[in-house]
Amino acid sequence: MSSNKGKDVAEGSSSRSTADHPAPPPLSRYESQKRRDWNTFGQYLRNQRPPVALSQCNSNHVLDFLRYLDQFGKTKVHLQGCVFFGQPEPPGPCSCPLKQAWGSLDALIGRLRAAYEENGGLPETNPFASGGIRLYLREVRDSQAKARGIPYKKKKKKRVMTTTMKPNDETSNFPMQ
């Protein structure tokens, strides 16, 4: 009988603990990716010789991290001397390197910038928000666009013109009744 008594106590305690502590809702895809990116960057800093504390991290560490990630890229970026340089759809293979796409790097920096501040960093000291990072991303975007023969054009914001019309205005399409 003692075995049943212990079993009842164990079952009661386990069901009670799950009722007291419901599982947190699953993270969104963005939040999961942001957490993964933050952990990867932290691991990168710890692997430096000597290791770099997050509080000592600056934009140079971020730039080194972005360059390090290029080795895992999947985007073919033709070099200046390549016969396919400037061709959007090259007809054959070449030995040009694979790199991280500009859009991926831009999104990564956005997530890391948010994660830095969520983890206690001050916006004024955010190494992911520095001018050097913005300049690097702009250079990557422009060089990849040239290498592919696709000029990058910034989308202009549409300006909405609002005018007020009087109900009895002659330009009104609907007669007032």
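Is the crossing in which α4 passes α5 left-handed or right-handed?

A: The crossing of α4 past α5 is left-handed, the term for a near helix turned anticlockwise from the far one by less than a right angle, with clockwise being right-handed. This is a predicted model, in which local features need pLDDT of at least 70 and side-chain atom pairs count only at pLDDT 80 or more, whereas totals for chains, interfaces and linings use all residues. Residues are numbered from 1 along each chain as its sequence is written, and side-chain values use heavy atoms, with hydrogens and water left out.

The axes of α4 and α5 are 9 Å apart, and the packing angle is about 165°. Axes here are lines fitted to C-alpha atoms, for helices over the stretch in contact, and angles between N-to-C directions run from 0 to 180 degrees. The two helices α4 and α5 are therefore roughly antiparallel, a label for angles over 145 degrees; under 35 is roughly parallel, 65 to 115 roughly perpendicular, and the rest oblique.

From α4, the residues Trp102, Leu105, Asp106 and Ile109 meet Ile133, Tyr136, Leu137, Val140, Arg141 and Gln144 of α5, where contact means heavy atoms within 4.5 Å. Seven residues of this contact between α4 and α5 are nonpolar, one is polar and two are charged. In that division Ala, Val, Leu, Ile, Met, Phe, Trp, Tyr, Cys and Pro are nonpolar, Asp, Glu, Lys and Arg are charged, and the others, Gly among them, are polar.

Helix α5 spans residues 131-148 and includes Ala145. Ala145 counts as buried because its relative accessibility is 13%; buried means under 20%, exposed over 50%, and partly exposed in between, with a 1.4 Å probe and protein chains only. Its C-alpha atom is 9.1 Å from that of Val77, 68 residues away along the chain.

The loop between β1 (75-76) and β2 (98-99) holds His78, which is buried at 7% relative accessibility. Leaving aside residues up to four places away in sequence, His78 touches Phe84, Phe85, Pro90, Cys94, Cys96 and Ala147.

The chain has zero disulfides, a disulfide being a pair of cysteine sulfur atoms within 2.5 Å. Cys82 is in none, and the nearest cysteine sulfur, that of Cys96, is 3.5 Å away. For Cys94 the closest cysteine sulfur is also in Cys96, at 3.7 Å, which is too far for a bond. Cys82 is buried at 16% relative accessible area, whereas Cys94 is partly exposed at 22%.

Helix α4 (residues 102-118) also meets α2 (residues 29-46): their axes come within 9 Å and cross at roughly 80°. These two helices, α2 and α4, are therefore roughly perpendicular. The residues of the contact of α2 with α4 comprise eight nonpolar, two polar and five charged.

For the chain as a whole, five helices and two strands are assigned, in the order α-α-α-β-β-α-α from the N terminus. Of the 177 residues, 25% are buried. Among contacts with a separation of 6 or more, 58% join residues 24 or more positions apart.

Conventions: Helix = DSSP H or I, 4+ residues; strand = E, 2+ residues; numbered from the N terminus.
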